[in-house]
Amino acid sequence: MASALTPDIEQDSEDDFDWEEVPVPDHQQEEEPQQQHLEITIPGAGPRSKKSTTPSKAVFIGLRNRFKGIPHEERLRRIDCHKLHTVVLLANAWYRNKWLNDPLLQARLLSLTPLSLQNAFGMIHKSRVADQGLRGRMFEAAIVNLVEWWSQTHFEVIPSGHLKNRTFDDVQARLEKLGPPPTDPDAVLDIEDVEDIMGEEPERIRSEKSLMKHALMGSGSRDVSAQLFTALCRGLGIPARLVASIQSVPWQTHVGKPKPTTTPPVFWTEVFSRPDGRWIPVDPIRSLVNKRKVFDPTPTSAAPAVTHSPLFPQAYAEALDRRAIIKNASRAAQQENRMVYVLAFEEDGFARDVTRRYAKEYSAKVAKVQGGSNTIGGGGKARQAWWEAVMSIVSRPYRLNRDDIEDEELDAAQMTEGMPSTVSGFKDHPIYALARHLKQNQVIHPPDTPEIGKFRGEGVYPRSAVVSLKTAENWMRSEGRMVREGSQPLKMVKIRAGTINRMRELEVMKDELRSAGDQDTAIGESMQGLYARSQTEPYKPDPVVDGKVPKNNFGNIDLYVPSMLPRGAVHVPYLMTVKGVAKIAKKLGFDFAEAVTGFEFKKRRAFPVIEGVVIAQENEAALLEAYWEAEQDAEEKARTKREERVLKQWTRLIQGLLIRQRLQTQYAAKPDKESRSHVQDDSHNVAHDGEPGTSKVRLFCLLVTHSSN
């Protein structure tokens with residue numbers, strides 16, 4: 001029973017990233033049965049001992065625990081932390097790369113390099129070696145000698161202080177041990193708190209001087225070793241890039257706690273071979289050159305298939321032990337160093353995403369965990385959009401010739417990637433596809449497409465054979481295409497009523513079917529056909545004849561894409577006012593139709609989006625001329641109205657000031673003589689002009705009127 005259930009459970013495991021693996025206990029030693037007779041006893045429903053747990057029961061218990069997810073709010077928090085940590089580590093790598101360009105640091109490293117190694121690169125020149133292939137081999141040999149001197153003779157790597165990957169749960173648990181978080185939003189953790197969170201004393205690199213100190217000492221972490229080697233290559237005049245594998249906290253659950261293990265480095269170097277015109281990866285810690293698949297910590301060895309045999313229980317138990325060891329080794333190798341984002345920083349500070357060059361299963365696993373998705377059902381498009389936005393900050397605004405060559409190499413590396421080893425790896429894979437992962441609007445076309453392989457008995461098809469389908473209405477609204485006459489739908493799906501009017505149409509359709517006697521279709525679901533792009537053709541509307549624009553049943557014209565414009569017509573969009581063009585066309589007596597460019601859905605209703613009008617081409621000049629004249633008249637009227645409003649407001653303000661001054665003159669108390677003389681002067685002004693201070697007010701009004709004009 002256990003051997004029959006185990007393969008099915010493995011096939012249902014859809015995701016190696018989100019589910020934790022459950023250890024399966026070994027079978028208990030049983031007495032070897034006789035070869036002549038084989039007895040199988042099925043126990044009844046009586047009580048079982050707690051100690052006797054069969055492997056199948058353990059698998060089911062683990063499967064139940066694996067499907068326990070986390071709340072959506074917790075998922076969003078993890079994804080935000082992952083994104084923030086990724087950007088911070090990217091900035092850290094950018095600053096490290098900037099420090100490597102320090103001339104004094106490069107000079108110190110050159111002074112420590114043997115002269116024979118430096119002269120080896122000077123000998124590689126067209127004037128000395130004419131053969132391009134020979135120059136490429138000489139360059140690679142010189143790099144090998146330089147790396148061996150660096151890793152074996154000059155620099156001693158300390159097994160601590162380098163960047164490590166820590167899980168979200170581990171960091172959260174260490175933060176909780178520090179106590180409640182501070183209420184001050186600007187609070188910063190002390191270096192002692194950071195050391196407690198990391199579990200070890202970090203290596204502090206504050207500036208170029210810190211790197212220079214490690215260069216003179218000849219010791220440091222493996223991160224500093226790779227960074228100093230990159231600076232040495234730049235000092236030798238070799239185009240070198242600092243490659244960084246961003247070790248941000250993973251947002252997935254059940255990824256395990258970090259354990260000390262020997263993993264590939266987080267930083268390494270890429271040198272550009274001018275004779276070959278390509279980038280060569282260099283690992284100065286392990287003394288490896290031009291071996292790009294040794295940087296991914298994911299093991300390549302797969303677990304052997306285990307088949308239960310009741311005749312050989314000892315061999316079955318040993319096979320389970322070997323499988324558990326391989327799985328545990330696979331889990332441990334990915335805990336300290338996980339390859340998700342790999343960036344190559346050049347000397348000018350720009351970076352390129354080279355994850356596809358080093359990741360063993362980029363399309364199957366790595367691309368699906370980059371960035372996560374903050375929206376339910378956001379999928380790969382949301383993840384890709386976020387990562388492209390981050391890369392746009394550090395990417396070069398222009399392209400070089402070597403960038404195009406490198407893109408071709410990365411595309412070839414992705415296309416030559418092997419077939420995924422899990423069911424989840426086939427989902428959204430750019431090369432392979434399974435029928436179970438097809439969406440409702442997708443189909444394998446043509447139907448007789450040959451399978452390119454088998455995965456656990458299920459046919460594997462090329463992704464190029466997966467065709468996206470749409471309804472005839474969606475083809476018209478999205479691309480302005482109509483289904484060819486006589487084309488049969490490739491797939492039938494249930495009609496989903498998105499608006500109230502659509503629901504009413506479906507009810508009317510069912511009533512008509514009932515009246516026609518088709519009770520089965522009326523009771524069941526209404527279906528609609530889906531068509532491929534190859535079954536459609538561009539929509540050709542009727543042309544304009546004698547200035548008459550063709551219209552639909554609603555009196556307007558469908559113009560979802562520019563190709564739907566009738567021949568002999570022109571689209572005049574709304575310019576300044578909303579319906580100024582339509583009013584003028586109607587006033588001039590031109591035949592027109594309002595252009596419907598789309599629909600807005602609010603409260604389960606569809607509202608057409610109208611943008612401008614469509615008129616005959618010969619009437620365009622007259623319509624635009626009349627429109628601009630109307631706009632000038634409207635602008636002049638608006639300016640006159642605005643001036644009148646301003647003058648009224650100033651008049652009201654000045655009248656208020658005059659009333660205030662008159663009240664102060666008549667009722668304000670003036671005990672001193674000086675104030676009395678001031679009252680007499682005001683009364684003189686009143687007797688002369690009729691109002692106090694009228695001359696000043698009139699002058700002020702003239703100035704205001706002049707300024708407004």
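Visitor: What makes residues of the lining of the largest cavity nonpolar, polar or charged?

Guide: Ala, Val, Leu, Ile, Met, Phe, Trp, Tyr, Cys and Pro count as nonpolar, Asp, Glu, Lys and Arg as charged, and the others, Gly among them, as polar. The lining comprises L89, N92, A93, L163, A244, S245, I246, Q247, V266 and F267; it therefore divides into seven nonpolar, three polar and no charged residues. This is a predicted model, in which local features need pLDDT of at least 70 and side-chain atom pairs pLDDT 80 or more, while totals for chains, interfaces and linings use all residues. Residues are numbered from 1 along each chain as its sequence is written, and side-chain values use heavy atoms, without hydrogens and water.

Visitor: Why is this space called a cavity?

Guide: On a 1 Å grid over the protein atoms alone, a cavity is a set of points where a 1.4 Å probe fits but cannot get out, and lining residues have an atom within 4 Å of a point.

Visitor: How do the residues lining the second largest cavity divide?

Guide: Three are nonpolar, one is polar and five are charged. Among the lining residues are R278, R357, R402, E406 and E409, which count as charged because they are Arg or Glu. The largest share, four residues, comes from α14.

Notes. On a 1 Å grid over the protein atoms alone, a cavity is a set of points where a 1.4 Å probe fits but cannot get out, and a pocket is an open set with protein on both sides within 12 Å along at least five of seven lines; lining residues have an atom within 4 Å of a point. Helices (H or I, at least four residues) and strands (E, at least two) are DSSP runs, numbered from the N terminus.
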